[in-house]
Amino acid sequence: MAQDKVDDARDALEDVKDKAFERFDDVKDKASDVADAATSRLGELKDKASDAFDDARGRAAGAFKDLSAQAKSGAAAAGAAAQDVAADAAGAARRAGADFASRIERQPIGAVLAAAAVGYFIGFLVHARR
């Protein structure tokens, strides 16, 4: 009887651990997708800005030669800065995901117990409302 309860608890903890790893993988994949999408979108925006700039420069080549050179430099710097920010954000998201994964891998029992405690607390709150 007691061994059955221990086995049931062990199985429940294993299920919680599996679900935690699945959720973590989902979060990590979504964070990576968001970072990749942001980087891709910034590249597209940079290309569009560069194309628009080239058109403006072609129409106003004589009178605005100095101004167009300054604008191109500013646009390139802004695009580079935006890509740097996106790369930093993507790196931070990846590092956070890797840190979370390594913590779970280093302390799987602690992670399972923490997940079980959270589940117990949520269950307590749900049943306390009744």
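Student: What pLDDT does the chain average?

Tutor: This is a predicted model, in which local features need pLDDT of at least 70 and side-chain atom pairs count only at pLDDT 80 or more, whereas totals for chains, interfaces and linings use all residues. Residues are numbered from 1 along each chain as its sequence is written, and side-chain values use heavy atoms, with hydrogens and water left out. pLDDT is the predictor's confidence in each residue, from 0 to 100. In this chain 83% of the residues score at least 70, and the average is 75.

Student: Which helix has the highest confidence in the chain?

Tutor: Helices (DSSP runs of H or I, at least four residues) and strands (runs of E, at least two) are numbered from the N terminus. The chain has three helices and zero strands, in the order α-α-α. Confidence is lowest in H1, at a mean of 73, and the highest value, 84, belongs to helix H3 (residues 108-128).

Student: What share of the residues in the chain is buried?

Tutor: Buried means under 20% relative accessible area, exposed over 50%, and partly exposed in between (1.4 Å probe, protein chains only). Ala 93, in helix H2, has 28% relative accessibility and therefore counts as partly exposed. Of the 130 residues in the chain, the buried share is 10%.

Student: What is the volume of the largest pocket?

Tutor: On a 1 Å grid over the protein atoms alone, a pocket is an open set of points where a 1.4 Å probe fits, with protein on both sides within 12 Å along at least five of seven lines, and lining residues have an atom within 4 Å of a point. Grid points are joined across faces, edges and corners, and a volume is the space filled by probe spheres set on the points. Helix H1 (2-59) and helix H2 (65-106) each supply at least two residues of the lining, which includes Phe 53 and Gln 83. The largest pocket has a volume of about 170 Å³.
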